[in-house]
Amino acid sequence: MYNINNLEEYIENLCVKAKAAAYNLSQSTPVTRNKALEILSNKLREPDIIAEITEKNNLDILNAKENNITDTMVDRLRLDEERIKNIAGALVKIINLPDPLGKGDNWIRPNGLSVRRVKVPLGVVGMIYESRPNVTVDAAALCIKSGNAVVLRGGKEAINSNLILADIIGRSLEEAGLDKDGVQIIEDITRESANILMRQHKTVDVLIPRGNAPLIQNVKENSRIPVIETGVGNCHIYVDYNADFETAANIIMRSKARASVCNAVETVLVCEKIYKEFLPVMKKRLDELNAEIRGCGKTLEVLKDAKAAVEDDYYREYLDFTVAVKVVSDVCEAIGHINKYNTNHSEAILTNDIRNAREFQAKVNAAAVYANVSTRFTDGEEFGFGAEIGISTSKLHARGPVGLDELTTVKYLIDGDNLVR
């Protein structure tokens with residue numbers, strides 16, 4: 001246990017240990033790293049360990065309810081037996097992915113210089129995240145597979161769950177013959193611990209925030225470590241003039257059914273040519289979720305019990321069963337609206353006009369742009385990455401689901417015959 005009076009020293013020591021372990025991981029074989037993940041996957045299927053995790057998770061859920069956290073956010077915390085076994089299954093998918101390290105290309109220059117470019121680990125990854133305890137396992141597993149160490153600083157809501165999961169991960173590393181310090185977790189849940197982690201630029205190579213907008217903004221503004229920005233998802237679906245009503249309404253409903261995730265739809269844009277006919281069909285499906293609709297003037301003409309939307313509603317990531325609706329003239333206005341209000345996460349068009357679909361995909365600024373697909377597919381597992389450490393909304397190095405390849409950098413290996421310049 002740490003001494004609260006020496007919080008900075010405590011976190012510095014964790015990061016120093018992670019730095020040393022990162023070398024151990026970077027020099028390990030793919031077989032050994034996969035063995036650690038296999039041990040972890042097997043542990044997460046053991047009845048005693050499942051019971052241990054759910055006991056700690058129940059404490060987090062009880063504390064969350066006592067603090068009046070919304071039901072959708074409580075759902076993000078929950079780890080029942082099925083979810084734990086799903087995490088174990090996701091680990092198997094990561095194991096079966098190709099090793100990301102050592103891949104590359106090579107060429108020879110006219111002077112005989114032989115250049116090889118190969119993928120190597122980033123080193124030590126710092127994670128500041130909230131709520132969802134499955135992130136603890138996803139982040140650790142992807143870092144282990146890619147030869148990185150990781151320092152985890154989860155949110156107060158899931159602290160008991162995160163601590164037990166980190167302990168199980170450490171044991172799995174040790175049993176595989178790897179340094180258990182490769183996965184560190186910060187036990188302190190005050191804001192100061194996050195601020196201290198942001199200053200560990202001598203030992204931590206990259207910082208990934210995953211959570212609400214204020215958390216990510218704080219990290220962007222104050223981190224002394226390079227940041228991969230992830231998370232905030234003000235996602236839109238545009239329903240074009242010739243979309244099938246029932247299909248579109250179903251996609252919208254399914255895109256909101258799990259409201260607490262960052263790839264859930266937050267705003268629906270509807271073509272002016274169809275809004276009078278389509279909006280009642282959409283509302284009928286959203287009523288299945290007891291969703292609240294906040295709409296523009298034309299929306300209120302059709303949906304009498306909708307609330308009037310204000311400007312801020314179109315910027316919001318609700319993370320709840322609320323949907324903003326706006327009627328737009330055509331695909332061009334939809335693109336303009338999205339590029340003004342979105343967070344560069346995931347956007348979708350529902351249309352039978354291939355030209356509109358391609359124009360939408362070409363002009364919308366986002367990490368993932370869909371045609372006739374739910375925004376909910378922005379996910380590492382759905383993209384074939386096994387899992388993801390977050391959804392990057394930035395443009396440098398990593399964009400979209402941050403998987404194994406995004407947790408690597410390159411090293412140039414140069415050979416020559418005593419060349420000078």
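Contact is taken here to mean heavy atoms within 4.5 Å. In this predicted model, such contacts join helix α10 to helix α11, with Phe245, Glu246, Ala248, Ala249, Asn250, Ile252 and Met253 of α10 meeting Glu277, Phe278, Val281, Met282, Arg285 and Leu286 of α11. By class, the residues in this contact comprise nine that are nonpolar, one that is polar and three that are charged. The axes of α10, spanning residues 245–256, and α11, spanning residues 275–286, come within 9 Å and cross at roughly 40 degrees; the two helices are therefore oblique to each other, and their crossing is right-handed.

The largest nonpolar core contains 73 residues, of which Leu44, Ile53, Val125, Met127, Ile389 and Leu407 touch the most other members. When residues up to four places away in sequence are not counted, Ile389 touches Val125, Met127, Ala139, Leu142, Cys143, Ile208, Arg210, Val402 and Leu407. Another core, of 47 residues, lies apart from the largest one and has Ala243, Ala248, Leu269 and Tyr318 among its members.

Strand β8, which covers residues 265–271, includes Thr267. With a relative accessible area of 0%, Thr267 is buried, because residues under 20% are assigned to that class. Once neighbours within four places in sequence are left aside, Thr267 is in contact with Asn234, Cys235, His236, Ile237, Asp313, Tyr314, Ala324 and His337. For the pair formed by Thr267 and Asn234, the separation is 33 residues in sequence and 7.5 Å in space, C-alpha to C-alpha.

Note on methods
Residues are numbered from 1 along each chain as its sequence is written. This is a predicted model: local features need pLDDT of at least 70, side-chain atom pairs count only at pLDDT 80 or more; totals for chains, interfaces and linings use all residues. Side-chain values use heavy atoms; hydrogens and water are left out. Axes are lines fitted to C-alpha atoms, for helices over the stretch in contact, and angles run from 0 to 180 degrees between N-to-C directions. Helices (H or I, at least four residues) and strands (E, at least two) are DSSP runs, numbered from the N terminus. Angles under 35 degrees count as roughly parallel, over 145 as roughly antiparallel, 65 to 115 as roughly perpendicular and the rest as oblique. A crossing is left-handed if the near helix is turned anticlockwise from the far one by less than a right angle, and right-handed if clockwise. Ala, Val, Leu, Ile, Met, Phe, Trp, Tyr, Cys and Pro count as nonpolar, Asp, Glu, Lys and Arg as charged, and the others, Gly among them, as polar. A nonpolar core is a set of buried Ala, Val, Leu, Ile, Met, Phe, Trp, Tyr and Cys residues joined through side-chain atoms within 4.5 Å. Buried means under 20% relative accessible area, exposed over 50%, partly exposed in between (1.4 Å probe, protein chains only).
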